[in-house]
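The structure is shown first, and the description follows.

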Amino acid sequence: MSMQLKIQIVSIIVTAGLFGVIFELLRRKRLMERYALLWLFSSAVLLALAVWKGLLETIAHAIGIYYAPSALFVIAFGFILVLLLHFSIVISRLADQNKVLAQRIGLLQERLEEQEARAPGAEHETPEPETTVAGSR
């Protein structure tokens, strides 16, 4: 068995394993569908390239890589970079939304305290709510 065939078999097993892990995470609802689509697409392309040796060699030759299995790792690295960029965008958007929500909650709390202070028969101060860190009771 040639070294290149061994590498192809390992690549097929690894990408098929990744495909299976993604399906299992999706089945257990540990991965949202919109992110699973990105991962499934990436792993499907990698699996196709691992199985279809001719296509991998054509792509490797087109981008100037002498050893075709190395091209598979370059393509996988490219997918990882795209996924990291996508998740960075998602995290940035969520951080902005969290900041806006915290500001809105602060404004609502201030309005509520003003309403309670102006309410008739409100001679006593309302106690501040206890703030605890999750799980530290």
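Lys-29 is placed in the loop between helix 1 and helix 2. The model is a predicted one, and in it the phi angle of Lys-29 is near 60 degrees, a positive value in a residue other than glycine. Lys-29 counts as exposed because its relative accessibility is 68%, and exposure requires a value over 50%.

**Overall organisation**

The protein chain contains four helices and zero strands. Read from the N terminus, its elements follow the order α-α-α-α. Of the 137 residues in the protein chain, 18% are buried. Among contacts with a separation of 6 or more, 56% are accounted for by residues 24 or more positions apart.

**Packing of helix 1 with helix 2**

Two packed helices are described by the angle between their axes and by the distance between the axes. Helix 1 spans residues 3-27 and helix 2 spans residues 33-51; the two pack at an angle of about 165 degrees, and their axes are 9 Å apart. Helix 1 is therefore roughly antiparallel to helix 2, since angles over 145 degrees fall in that class. The crossing of helix 1 past helix 2 is left-handed. On the side of helix 1, the contact is made by residues including Gln-8, Ser-11, Ile-12, Thr-15, Ala-16 and Phe-19. Helix 2 contributes, among others, Glu-33, Ala-36, Trp-39, Leu-40, Ser-43 and Ala-44. By class, the residues of this contact between helix 1 and helix 2 comprise 15 nonpolar, four polar and one charged.

Ser-11 lies in helix 1 and is buried, with a relative accessible area of 10%. When neighbours within four places in sequence are set aside, Ser-11 is in contact with Ala-50 and Leu-72. Ala-44 belongs to helix 2 and counts as partly exposed at 34% relative accessibility. The C-alpha atoms of Ala-44 and Ala-16 are separated by 8.4 Å, while the two residues are 28 residues apart along the chain.

**Packing of helix 3 with helix 4**

The axes of helix 3 (residues 53-62) and helix 4 come within 8 Å and cross at roughly 80 degrees. Helix 3 is therefore roughly perpendicular to helix 4, as angles of 65 to 115 degrees are assigned to that class. Leu-56, Glu-57, Ile-59 and Ala-60 of helix 3 meet Ala-68, Pro-69, Ala-71, Leu-72 and Ile-75 of helix 4. The contact of helix 3 with helix 4 has eight nonpolar residues, no polar residues and one charged residue.

**Aromatic pairing**

The count of aromatic pairs comes to three. One of them is formed by Phe-41 and Phe-79; the pair is edge-to-face, at 6.1 Å centre to centre and with 85 degrees between the planes. Phe-41 lies in helix 2 and Phe-79 in helix 4 (residues 68-118), so the pair ties together parts that are 38 residues apart in sequence. Phe-41 counts as exposed at 52% relative accessibility, whereas Phe-79 counts as buried at 18%.

**Accessibility of selected residues**

The relative accessibilities of the residues discussed above are collected here.

| Residue | Relative accessibility | Class |
|---|---|---|
| Ser-11 | 10% | buried |
| Lys-29 | 68% | exposed |
| Phe-41 | 52% | exposed |
| Ala-44 | 34% | partly exposed |
| Phe-79 | 18% | buried |

Terms used
Residues numbered from 1 in each chain as written. Predicted model: local features only at pLDDT ≥ 70, side-chain atom pairs only at ≥ 80, totals over all residues. Heavy atoms only, no water. Axes fitted to C-alpha atoms, helices over the stretch in contact; angles between N-to-C directions. Parallel < 35°, antiparallel > 145°, perpendicular 65-115°, else oblique. Left-handed = near helix turned anticlockwise from the far one by under 90°. Contact = heavy atoms within 4.5 Å. Nonpolar A, V, L, I, M, F, W, Y, C, P; charged D, E, K, R; others polar. Phe/Tyr/Trp six-rings, centres within 6.5 Å; stacked < 30°, edge-to-face > 60°. Buried < 20%, exposed > 50% of the residue type's maximum accessible area, 1.4 Å probe, protein only.
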